[in-house]
Amino acid sequence: WLLIEHVAKLRPDARIAHFAPEPTVARLLIERHGTGYEAYDLDPNRPRWVDEPFAVRRFDLCTDLATLEDAAYDLVMHHHVMEHIPCNVTIVLQRLQAKVRPGGYHIFSVPIREGHHYRSDIHPELTGEQRAARFGQSNHLRRFGQADFDRTLGMVFDIPVTYDVTSLLDDEILSAAHVLPRQRVIGGGAVFILDSDGKVPAPRPAGG
């Protein structure tokens, strides 16, 4: 939310595509942007969205991305989704980025294990126990690693290994929101923001 509020700075008529939406963030976006907000998930009937003031549309990231118009959204957002999809995650990320219109943003996070390498296996015969042992959770199909970030996820969008959200948000803002120092850099708590060119926005001016 801090990146939306202080970096993206969406205009009132912004169009937003939010995948696996967090209810609290969804409510805030609806209050500000109304019908410009669109929520998507593979299972739109999850209990977490019961009685929420928004409808979640069924959407399969492996097969349905062509149904969304390219360069049409001011914000595309997904958090801890990419580890679940049973298809080529690089292509999915690139196609999501293509939905961002000029001047818009792509905000996302994935679980990144410190000291580990990337690992993936989408074979449907893997059991939940095997997936939990390999990827940390029974419904995960991959894990992202800090050790080879520059050769995997970092290459998809040219995210530098020196990524540090304090270049975009004041330390006072982050501290007030209890964002710990280890969550501000590449690791398990990192949240990435990219502009419409797929690049990390320029650092805020000194003292800004």
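This is a predicted model: local features need pLDDT of at least 70, side-chain atom pairs count only at pLDDT 80 or more; totals for chains, interfaces and linings use all residues.
Let me begin with Ala71, which is partly exposed at a relative accessible area of 40%, where partly exposed means between the cut-offs of under 20% relative accessible area for buried and over 50% for exposed (1.4 Å probe, protein chains only). Residues are numbered from 1 along each chain as its sequence is written, and side-chain values use heavy atoms, with hydrogens and water left out.

Ala71 sits in the loop between S3 and strand S4 (73-79), where strands are DSSP runs of E with at least two residues, numbered from the N terminus. Its phi is near 50 degrees, a positive value in a residue other than glycine. Most residues other than glycine have a negative phi.

Asp51 also has a positive phi, about 70 degrees, although it is not a glycine. Asp51 is found in the loop between strand S2 (37-41) and strand S3 (56-58), and it counts as exposed because its relative accessibility is 77%.

Now to the sheet, which is open and made of three strands in the order S6-S8-S7, with mixed pairing; two strands pair if DSSP finds at least two bridges between them. Strand S6 (112-113) and strand S7 (119-120) stand at the edges, each with a single partner strand, so one side of each has no neighbour in the sheet. S6 and strand S8 (residues 142-145) run parallel and are joined by two bridges, and Ile112 stands opposite Phe144 in S8.

Terms used: Helices (H or I, at least four residues) and strands (E, at least two) are DSSP runs, numbered from the N terminus.
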